[in-house]
Amino acid sequence: MLKSKRFNTAATIILTVLVIITLLPLALIVISSFTKESALIRNGYSFWPQEWSLDAYYYMIKQGAVILRSYGVS
């Protein structure tokens, strides 16, 4: 029983670390999508951006037909 408990604890720790390693880049991309483009160019990618912006989402809404056509082509 003790070996099983140790295995479960070790497996939980290892899987938790792997999940964090997997989710961090995805979180960085989502946070970057809310960052002003000039701030990304000037400061690079960061989990705590200095300037927030929704310009990327406005662009996607404005260019919705082009984006949908691009997905259709691919």
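In these legends a residue is called buried when its relative accessible area is under 20%, exposed when it is over 50%, and partly exposed in between, with a 1.4 Å probe and protein chains only. The model shown is predicted, so local features need pLDDT of at least 70 and side-chain atom pairs count only at pLDDT 80 or more, whereas totals for chains, interfaces and linings use all residues. Residues are numbered from 1 along each chain as its sequence is written, and side-chain values use heavy atoms, with hydrogens and water left out.

**View 1. Leu26 on helix α1.** Leu26 lies in helix α1, where helices (H or I, at least four residues) and strands (E, at least two) are DSSP runs numbered from the N terminus. Leu26 counts as exposed because its relative accessibility is 52%. From Leu26 to Arg6, 20 residues away in sequence, the C-alpha to C-alpha separation is 31 Å.

**View 2. The chain as a whole.** The chain has four helices and zero strands, and along the sequence these give the pattern α-α-α-α. The radius of gyration of the chain is 20 Å, well over the 11 Å that the globule rule gives for 74 residues, so the chain is more spread out than a compact globule; the radius is taken over C-alpha atoms, and the rule is 2.2 Å times the number of residues to the power 0.38. Taken along the principal axes, the C-alpha atoms fill a box of roughly 60 × 35 × 15 Å. Of the 74 residues, 9% count as buried.

**View 3. Ser32 and its partners.** Ser32 also belongs to helix α1, and it is buried because its relative accessible area is 8%. When neighbours within four places in sequence are set aside, Ser32 is in contact with Leu40 and Tyr45, contact meaning heavy atoms within 4.5 Å.

**View 4. The largest pocket.** A pocket is an open set of points on a 1 Å grid over the protein atoms alone, where a 1.4 Å probe fits and protein lies on both sides within 12 Å along at least five of seven lines; lining residues have an atom within 4 Å of a point. The largest pocket holds about 170 Å³ of space, a volume being the space filled by probe spheres set on the points, which are joined across faces, edges and corners. Two or more lining residues come from each of α1 (2–33), α2 (37–43) and α3 (55–62). Among the lining residues are Ser32, Lys36, Leu40, Tyr45 and Asp55.

View 5. Phe47 is found in the loop between α2 and α3, and with a relative accessible area of 33% it is partly exposed. Although Phe47 and Leu28 are 19 residues apart along the chain, their C-alpha atoms are separated by 5.9 Å. Beyond its neighbours within four places in sequence, Phe47 is in contact with Leu24, Ala27, Leu28 and Ile31. Two aromatic pairs are counted, under a rule in which rings of Phe, Tyr and Trp (its six-membered ring) pair if their centres lie within 6.5 Å, with planes under 30 degrees apart called stacked, over 60 edge-to-face and the rest tilted. The rings of Phe47 and Trp48 have centres 6.2 Å apart and planes at 65 degrees, so this pair is edge-to-face. Trp48 counts as exposed, at 72% relative accessibility.
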